[in-house]
Amino acid sequence: MLLLDGCVQPALAPAINDATRRVLDALGISTVIGINAGCCGAVSFHLGAADEARDFMRRNIDAWWPHVEAGAEAIVVTASGCAPMVKDYGHALVDDPRYAGKAARISDLARDISEVIATEPLENRLARSAGGQTIAFHSPCTLQHGQRITGVVERLLGQAGYQLQPVADDHLCCGSAGTYSILQPGLSVKLRDNKLAALQAGEPAAIATANIGCLMHMSGHAKVPVRHWIEFLEPLIPEAR
């Protein structure tokens with residue numbers, strides 16, 4: 001499978017994709033990061049710079065295409081903010097005669113990391129349980145609303161032995177929302193503070209999330225560590241360590 005490295009995440013939290021590769025390897029899935037692949041184009045697209053975004057998309061398609069032709073089974077995305085964009089390449093480039101067909105194929109192959117792990121026999125790979133360690137899961141808007149993936153990560157964490165704390169108004173945004181935290185700092189801070197209050201109400205030992213933007217937005221103000229949920233699974237799988 002191909003693994004999207006992205007732009008923000010490898011600079012700020014490279015351990016996320018490192019953990020992902022080790023977990024997938026333990027499950028018998030090899031991963032490749034395409035040379036010259038980078039930003040998915042989401043930030044540019046959401047800011048109205050559609051032409052710039054499409055250039056990012058074409059670059060990624062060019063980087064991935066030899067691997068797709070060689071039989072890559074999926075394009076795995078660990079940042080839930082990037083996954084909806086990659087899944088939408090086919091629509092964004094539908095009028096491009098050179099890339100429309102390739103873009104549609106890329107969209108068909110795109111998978112959030114939770115979709116990949118959920119199809120594997122995870123429980124058979126766990127060497128030990130988390131032992132009921134309490135965590136709170138923040139499901140990013142891009143995961144639960146953009147991709148309509150709900151309950152999957154929570155189930156995986158539960159299988160691993162984590163005790164998930166209930167979170168009030170878990171459908172609400174944390175305030176990161178791409179560039180929203182920069183362009184609308186006042187509202188963004190209110191959303192963040194409300195989200196952290198809800199996540200920490202049950203006094204969890206840590207907060208898990210699925211997007212680098214949410215992670216960075218909350219981590220400097222949370223009372224407990226904030227990490228990508230795949231990093232909670234990795235220590236429990238012996239082959240991944």
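In which helix is S44 found? The structure considered here is a predicted model, in which local features need pLDDT of at least 70 and side-chain atom pairs count only at pLDDT 80 or more, while totals for chains, interfaces and linings use all residues. Residues are numbered from 1 along each chain as its sequence is written, and side-chain values use heavy atoms, with hydrogens and water left out.

S44 is found in helix α3, which spans residues 42-46; helices (H or I, at least four residues) and strands (E, at least two) are DSSP runs, numbered from the N terminus. With a relative accessible area of 7%, S44 is buried, where buried denotes under 20% relative accessible area, exposed over 50% and partly exposed the range in between (1.4 Å probe, protein chains only). The side chain of S44 makes a polar contact of 2.5 Å with the side chain of E52. A polar contact is a pair of N or O atoms within 3.5 Å; within protein, one must be able to donate a hydrogen and the other to accept it, and residues adjacent in sequence count only if both atoms are side-chain atoms. When residues up to four places away in sequence are not counted, S44 touches A49, A50, E52, A53 and F56, contact being defined as heavy atoms within 4.5 Å.

Three strands form an open sheet in the order β1-β2-β3, with parallel pairing; two strands pair if DSSP finds at least two bridges between them. Strands β1 (2-3) and β3 (110-112) stand at the edges with a single partner strand each, so one side of each is left without a neighbour in the sheet. Strand β2 (residues 75-77) runs parallel to β3 and is joined to β3 by three bridges, and V77 has D112 in β3 as its bridge partner. Helix α7 (residues 100-109) packs on this sheet, touching β2 and β3, and its direction makes about 25° with that of β3. Angles run from 0 to 180 degrees between N-to-C directions, and axes are lines fitted to C-alpha atoms, for helices over the stretch in contact.

The other open sheet has four strands, ordered β5-β4-β6-β7 with parallel pairing. Its edge strands, β5 (163-164) and β7 (226-228), each pair on one side only. Two bridges connect β4 (residues 134-137) with β5, and these strands run parallel; I135 stands opposite L164 in β5.

The axes of α4 and α7 come within 11 Å and cross at roughly 70°. The two helices, α4 and α7, are therefore roughly perpendicular to each other, a term applied to angles of 65 to 115 degrees, whereas angles under 35 count as roughly parallel, over 145 as roughly antiparallel and the rest as oblique. In this pairing, I61, W64, W65 and V68 of α4 meet K102, A103, R105, I106 and L109 of α7.

The largest nonpolar core contains 74 residues, and those with the most contacts inside it are Y89, I106, I117, L157, W229 and I230. Such a core is a set of buried Ala, Val, Leu, Ile, Met, Phe, Trp, Tyr and Cys residues joined through side-chain atoms within 4.5 Å. Helix α4 (residues 50-69) supplies the largest share of this core, six residues. Beyond its neighbours within four places in sequence, L157 is in contact with I135, F137, Y162, L164, A208, W229, F232 and L233.
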